[in-house]
Amino acid sequence: MRHQRTLLSAALGLGLAAALGAAPATAATTAASPTAVVAPSSHTTSSYAAYQGSAEDAKATKAFFDAVVKSIAEKRAANPGAQAVTVVYSTSNAPSFRSQISRSTQIWNSSVSNVKLQEGGSPDFRYYEGNDSRGSYASTDGHGRGYIFLDYRQNQQYNSTRVTAHETGHVLGLPDHYSGPCSELMSGGGPGTSCQNAYPNAQERARVNSLWANGLAAAIAKVS
């Protein structure tokens, strides 16, 4: 979901893992008066993976995941011995969703062991927020960098932590599966607005751990 302004290319549909309780506040309460999208500019609309599906999900997912893996590979070239892979993100362009992003990070970090999410400098991907009639999505900015866009309205209609965790799932390599049940995080908006689950199921957790089993080497092999 993007702003009326053209954003860019490929997007994903992946899933996230689980861990922790109470649902955080939605964008309805955290984003008081959204006016404009804070997102990468100079993009031409290509493909996107909205919360309820896209015909180009598979292609978009690979593009975003490739961008994240490339970023990690460049930073870790000097430290090839590390076992767990750390994916660094920035929330500076999505201040209204910091609590949801933090919760999503806790959920994923407590659900998988071979890859960790961490906020910090030199990010592998960034979160942005704004208005877009197509909802939230994960994409690339045309320069090999990944980002997740969180739409205000969608986060008011759906459980905001579920939306954030679902989109973050793309970072870890999970594809969308909108026909799945509410218990499946990557089913996204498929089960409807009543679905409150923000945790990945056992299959999703196993898939992420398998994908990142041998650290960065395994990740690169998966997308090569």
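Q: Which residues are buried in H3?
A: Helices (H or I, at least four residues) and strands (E, at least two) are DSSP runs, numbered from the N terminus. Buried means under 20% relative accessible area, exposed over 50%, and partly exposed in between, with a 1.4 Å probe and protein chains only. By that cut-off, the buried residues of H3 are Gln100, Ile101, Arg103, Ser104, Thr105, Ile107, Trp108 and Ser111.

Q: What pLDDT do side-chain atom pairs need to count in this model?
A: Residues are numbered from 1 along each chain as its sequence is written, and side-chain values use heavy atoms, with hydrogens and water left out. This is a predicted model: totals for chains, interfaces and linings use all residues, local features need pLDDT of at least 70, and side-chain atom pairs count only at pLDDT 80 or more.

Q: How far does H3 reach from its first C-alpha to its last?
A: The expected span of a helix is 1.5 Å times one less than its number of residues. H3 has 14 residues, with 20 Å expected. The modelled reach is close to that: 20 Å.

Q: In what order do the 5 strands of the open sheet lie?
A: Two strands pair if DSSP finds at least two bridges between them. The pairing here is mixed. The order is S2-S1-S3-S5-S4.

Q: Which are the edge strands?
A: An edge strand of this sheet pairs on one side only. That holds for residues 115-119 and 137-140. These are strands S2 and S4.

Q: By what angle are neighbouring strands of this sheet turned against each other on average?
A: Axes are lines fitted to C-alpha atoms, for helices over the stretch in contact, and angles run from 0 to 180 degrees between N-to-C directions. For this sheet, direction is ignored. The average turn is 30°.

Q: Which residue is the bridge partner of Arg126 in S5?
A: S3 (residues 125-130) and S5 (residues 146-151) run parallel, joined by 6 bridges. Phe125 stands opposite Gly146 in S5. The partner of Arg126 is Tyr147.

Q: Which residue stands opposite Ile148 in S5?
A: Here the S4 side of S5 matters. S4 and S5 pair in the antiparallel sense over 4 bridges. Opposite Ile148 stands Ala138.

Q: How many of the 6 residues of S5 are buried?
A: Gly146, Ile148 and Leu150 point one way from S5, while Tyr147, Phe149 and Asp151 point the other way. Residues on both sides are buried, so S5 is largely enclosed by the rest of the structure. The count is 6 of the 6.

Q: How many aromatic pairs are there?
A: Rings of Phe, Tyr and Trp (its six-membered ring) pair if their centres lie within 6.5 Å; planes under 30 degrees apart count as stacked, over 60 as edge-to-face and the rest as tilted. By this rule the count is 7.

Q: How many residues apart in sequence are the parts that Phe97 and Tyr152 tie together?
A: Phe97 and Tyr152 are stacked, at 6.1 Å centre to centre and 20° between the planes. Phe97 lies in the loop between S1 (85-93) and H3 (98-111), and Tyr152 in H4 (residues 152-157). Phe97 is buried at 0% relative accessibility, and Tyr152 is buried at 5%. The pair therefore ties together parts whose separation in residues is 55.

Q: What angle lies between the planes of Tyr128 and Tyr147?
A: Tyr128 is in S3 and Tyr147 in S5, 19 residues apart. Tyr128 and Tyr147 are edge-to-face, 5.7 Å centre to centre, with a plane angle of 85°.
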